[in-house]
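Open the model in your viewer and keep the selection panel at hand.

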Amino acid sequence: MTDITLAPVQPDQPTHLMATYGRQAISFVRGRGAYLYTQDGTEYLDALTGIAVCGLGHAHPAIAEAIAEQAATLVHTSNLFEIPWQTAAAQKLAEVSGMEEIFFSNSGAESNEGAIKIARKFGTQQGISLPKIIVAEQSFHGRTLATLSATGNKKVQDGFAPLVEGFIRVPFGDIEAIQEAALQHPDIVAILIEPIQGEGGINTAPQGFSYLEEVRHLCNQHNWLMMLDEIQTGNGRTGKYFAYQHTNIIPDVLTTAKGLGNGFPVGAVMTQGKAVGLLGPGSHGSTYGGTVLGSRVVYTVIDTIQKENAVENAAVVGNYIVDQLRTQLADKGVQVRGFGMMIGIQLPKDCTELVAIARDEYKLIINVTAGSVVRLLPPINMTQSQADILLERLVALITNYL
């Protein structure tokens, strides 16, 4: 193998990249488990994991081995042919999700695009010419034109008008608002929501997960599709394989990505019940969806999560982190919320500068969303000893800031 070492990019050096990201002034060259390393070997505890992507941590040996072996064997043939690893991955995903049909995409946005198409197909088959989908305020569903139109964030939408029509927005967790929308719009065909709003600030509905049960009841009552966006909450993140499994309901359409590939770009849109069979040959597709390599990664990720009992670990260690934060920050005027390894700490003031302070002074990688919420998305297999290191650094960070 050729040994290539890339020199750090200098501040005034042109990169030829579109300036679509506000990048931090740091780069990492290596990762292992819950840690990231810079070129000089400095170690950082990663409590963000690529924004909920590397749920099993960085450079997991089982996943690295599967990628290397498959890349040296066969990467891609296209969906013109049978793909045994795709069939096996779909079987694994069906087992952990309870869904019946699975379409593999390349990202969360593509998965949600698939869900939107399924809802529209469902409506048109019932003679509804302009089907509408209920979505929530403060939601985030992606950056394609349709998914940013569904997103409840005007900053994401700014400059991209005209937006895609067909979305009705209601406050997150407000059942009465959904009932009112049903009275005003007879052409509603589906509801698309996140069980927990990640980008919106780790928001849970006021009534908790029982909100999903109420939504399920309304969907049954009105013959709507219940569609859950579990791009961020899926794959063990909340202490269940999927967040809706904290309840006794099951959605008609389920989307996921992020932790599905542990860093490899892959997503999925899944159906069961009355949503099965709505997309047939020629109605949807993807050149890179469900490649041999991508499918083997999905299979290996799910298999590894199961073998390591990582979902159960996320529940136990995540609850430990939440309990400790509530105890140790009890007098700081903060609110701690979340499930499993999806945790938000609402501070009494804006705190975007904490990202840089945490990185530079505490060697801790975190994120701030919604202006004043410290967002933690650690590996779902984080050990308690690593959690104690996280708590030590984070509590000191927030205490000194407030």
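About 40 Å³ of space lies in the second largest cavity. A cavity here is a set of points on a 1 Å grid over the protein atoms alone, where a 1.4 Å probe fits but cannot get out. Points are joined across faces, edges and corners, and the volume is the space filled by probe spheres set on them. Select Pro195, Thr204, Ala205, Gly208, Phe209, Tyr211, Leu212 and Phe339: these residues line the second largest cavity, each having an atom within 4 Å of a point. By class, this lining holds 6 nonpolar, 2 polar and no charged residues. Ala, Val, Leu, Ile, Met, Phe, Trp, Tyr, Cys and Pro count as nonpolar, Asp, Glu, Lys and Arg as charged, and the others, Gly among them, as polar.

This is a predicted model: local features need pLDDT of at least 70, side-chain atom pairs count only at pLDDT 80 or more, and totals for chains, interfaces and linings use all residues. Residues are numbered from 1 along each chain as its sequence is written, and side-chain values use heavy atoms, with hydrogens and water left out.

Next, the largest cavity. Its volume is about 60 Å³. Select Ala52, Gly55, Leu56, Gly234, Asn235, Arg237, Gly259, Asn262, Val301, Ile305 and Ile380 to show its lining. The lining splits into 5 nonpolar, 5 polar and 1 charged residues. How many cavities of 30 Å³ or more does a search of the whole structure find? The search finds 2.

Now turn to an open space. The second largest pocket holds about 370 Å³. A pocket is an open set of points with protein on both sides within 12 Å along at least five of seven lines. Of its 18 lining residues, Ile102, Phe103, Leu279, Gly280 and His284 are the closest to the centre. Strands S4 (101-105) and S10 are the elements that give two or more residues to this lining. The lining divides into 10 nonpolar, 7 polar and 1 charged.

Helices (H or I, at least four residues) and strands (E, at least two) are DSSP runs, numbered from the N terminus.

Stay with S10 and colour residues 267-271. Strand S10 runs antiparallel to S9, joined by 4 bridges. Strands count as paired if DSSP finds at least two bridges between them. Val269 in S10 is the bridge partner of Thr255. Then select strand S8, residues 225-229: 3 bridges join S8 to S9, and the two run parallel. Met227 stands opposite Val253 in S9.

Which residues lie on each side of S9 (residues 253-256)? Val253 and Thr255 are on one side, Leu254 and Thr256 on the other, and all are buried. Buried means under 20% relative accessible area, exposed over 50%, partly exposed in between (1.4 Å probe, protein chains only). In a regular strand the side chains alternate between the two faces of the sheet.

Jump to Arg359 in helix H11 (residues 354-362). Buried or exposed? Arg359 counts as buried because its relative accessibility is 9%. Show its contacts (heavy atoms within 4.5 Å). Arg359 touches Gln24, Ile26, Tyr44, Leu364 and Ile365, not counting residues up to four places away in sequence.

Finally, zoom out. The protein chain has 12 helices and 15 strands. Of its 402 residues, 52% count as buried. Its C-alpha atoms fill a box of roughly 60 × 55 × 45 Å, taken along the principal axes.
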